[in-house]
Amino acid sequence: MTLVPDTVDVDALLRDAKIIVCCGAGGVGKTTTAAALAVRAAEQGRKVCVLTIDPARRLAQSMGLTELDNTPREVAGIDTAAGGRLDAMMLDMKRTFDDIVVAHADEARAKAILANPFYISLSSSFAGTQEYMAMEKLGQLKTAATWDLIVVDTPPSRSALDFLDAPKRLGQFLDGRMIRILTAPARAGGRAYLKVFTLGVKVFTDVLNKVLGGQALKDLSLFVSSLEAMFGGFRERADQTYKLLKERGTSFVVVAVPERDALREAAYFVERLETDQMPLAGMVLNRVHTTNAPALSVERSLAAAETLDAAGEEPLAAAALRIHAERAHAAGHDARRASQFHAAHPRVKLVNVAAQAGDVHDLDGLRAIGAELASASTRAAG
């Protein structure tokens with residue numbers, strides 16, 4: 001007996017959730033899924049903001065926008081008859097970092113920080129900055145209380161969930177010995193900064209002086225010291241956002257396709273979310289092949305086509321049988337992959353989305369995907 005997984009009730013999710021986080025490997029339709037959920041929720045009457053952390057431009061294109069930036073922009077063409085609205089934005093980690101500096105430092109200190117070469121490098125490309133800023137931006141959007149629902153489209157890789165580690169990593173960074181060493185010169189002030197180091201620390205700073213140069217080391221020390229108090233506030237806000245992600249009203253949706261590598265990544269996301277006790281709504285399985293004649297097997301289709309060919313009859317019927325055989329083969333493959341995943345993760349709810357004839361690139365396409373998501377859950381419930 002084949003066990004049938006429970007199905008995600010998509011419309012109930014869109015009605016009740018306050019935050020939906022979509023995560024998955026690259027190339028599985030995660031961005032499209034996030035956008036489709038956001039469009040459907042908005043046209044059902046909710047005020048929605050969709051935030052993408054993925055640097056790809058597909059979300060903007062699918063919503064008819066020329067570009068996305070760090071400011072939520074209203075998406076035109078949404079049916080607002082039910083009172084809903086849709087805004088979209090893409091995380092700009094440097095702009096978000098700059099905004100934090102301006103908001104939480106006095107004018108003189110903010111100006112010094114923004115001009116510091118180490119800040120410029122950190123805010124643009126330092127490993128982990130994107131995840132920290134994602135937490136900050138999500139917290140800002142939630143605090144603004146402008147939207148009923150925030151949909152987050154995460155990066156297309158395992159780093160999609162790195163923002164869950166942001167508070168811990170930031171704490172380790174701030175509490176580390178290196179930071180204490182680097183802040184000591186600024187605290188000592190002026191030319192007296194070398195005197196505050198022990199002999200062992202002096203050896204360390206001598207090496208940094210040789211590598212970076214005396215001015216660069218001083219710039220780095222002043223930068224870290226200037227940011228120290230502000231980082232403490234960010235750590236507190238990141239902790240609050242992390243707690244928000246575990247609260248009632250937040251749901252994670254894992255997106256995959258019925259292929260081995262994508263399902264392996266999906267399994268990683270599911271297990272990571274379970275480990276962190278994050279609320280998992282379920283998994284969207286995209287690009288699932290189906291057939292309208294499941295009783296007609298691949299073998300029977302091919303045998304019938306060969307019979308027609310041998311008799312020299314009905315060439316169109318023979319071609320149709322071969323096309324059906326290909327679809328039935330693909331459908332069987334996808335069903336087996338889904339069944340294997342369900343056997344390994346029986347508690348994860350699934351909703352299938354049929355393979356589309358072409359790429360989704362506009363609002364009508366997103367509406368169709370949203371309707372497919374909702375109808376798939378309705379069919380399963382029925």
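Me: Which residue stands opposite isoleucine 19 in S5?
Reply: Isoleucine 150 does. Keep in mind that this is a predicted model.

Me: What makes S1 and S5 a pair?
Reply: Pairing takes at least two bridges. S1 and S5 (residues 149-153) have 4 bridges, in the parallel sense, so they count as paired.

Me: What other strand pairs with S1, and how many bridges are there?
Reply: S1 also pairs with S6 (residues 250-256), in the parallel sense, over 6 bridges. Within S6, phenylalanine 252 is the bridge partner of valine 21. Phe252 is also among the residues with the most contacts inside the largest nonpolar core, which has 47 residues.

Me: Why is S1 called largely enclosed?
Reply: Because 6 of its 6 residues, 19-24, are buried. Both faces are covered. Ile19, Val21 and Cys23 are buried on one side, and Ile20, Cys22 and Gly24 on the other.

Me: Why is S2 called largely enclosed?
Reply: Because 5 of the 6 residues of S2 (residues 47-52) are buried.

Me: Which strands does S2 join?
Reply: S2 runs parallel to S4 (residues 85-90), with 6 bridges. Lysine 47 stands opposite arginine 85 there. S2 also runs parallel to S5, with 5 bridges. In that pairing, cysteine 49 stands opposite isoleucine 150.

Me: Why does asparagine 70 count as buried?
Reply: Its relative accessibility is 6%. Buried means under 20%, so the label applies. Asparagine 70 sits in the loop between H3 (58-62) and S3 (73-74).

Me: What makes the approach of asparagine 70 to threonine 96 a polar contact?
Reply: The side chains of the two residues meet at 3.1 Å. The limit is 3.5 Å, so the distance qualifies. Their C-alpha atoms are separated by 7.4 Å, although the residues are 26 apart along the chain.

Me: What else does the side chain of asparagine 70 reach?
Reply: The backbone nitrogen of aspartate 92, at 2.9 Å. Beyond four places in sequence, asparagine 70 touches residues including Met89, Leu91, Arg95 and Lys137.

Me: How do you know that aspartate 92 caps H4?
Reply: A side-chain oxygen of aspartate 92 lies 3.2 Å from the backbone nitrogen of lysine 94, at the N-terminal end of H4.

Me: How does the span of H4 compare with what is expected?
Reply: H4 (residues 93-104) has 12 residues and reaches 16 Å from first C-alpha to last. The expected value, at 1.5 Å a residue, is 16 Å. Its buried residues are Met93, Thr96, Phe97, Asp98, Ile100 and Val101.

Me: Why is phi of glutamine 277 worth a remark?
Reply: Most residues other than glycine have a negative phi. Phi of glutamine 277 is near 55°, a positive value. Arginine 287 also has a phi near 55°.

Me: Why is glutamine 277 called exposed, and why is arginine 287 called partly exposed?
Reply: Glutamine 277 has a relative accessible area of 61%. Exposed means over 50%, so it qualifies. Arginine 287 stands at 40%, between the 20% and 50% cut-offs, so it is partly exposed. Glutamine 277 lies in the loop between H12 (260-275) and S7 (280-288), whereas arginine 287 is in S7.

Methods
Residues are numbered from 1 along each chain as its sequence is written. This is a predicted model: local features need pLDDT of at least 70, side-chain atom pairs count only at pLDDT 80 or more; totals for chains, interfaces and linings use all residues. Side-chain values use heavy atoms; hydrogens and water are left out. Buried means under 20% relative accessible area, exposed over 50%, partly exposed in between (1.4 Å probe, protein chains only). Helices (H or I, at least four residues) and strands (E, at least two) are DSSP runs, numbered from the N terminus. The expected span of a helix is 1.5 Å times one less than its number of residues. A polar contact is a pair of N or O atoms within 3.5 Å; within protein, one must be able to donate a hydrogen and the other to accept it, and residues adjacent in sequence count only if both atoms are side-chain atoms. A nonpolar core is a set of buried Ala, Val, Leu, Ile, Met, Phe, Trp, Tyr and Cys residues joined through side-chain atoms within 4.5 Å. Contact means heavy atoms within 4.5 Å.
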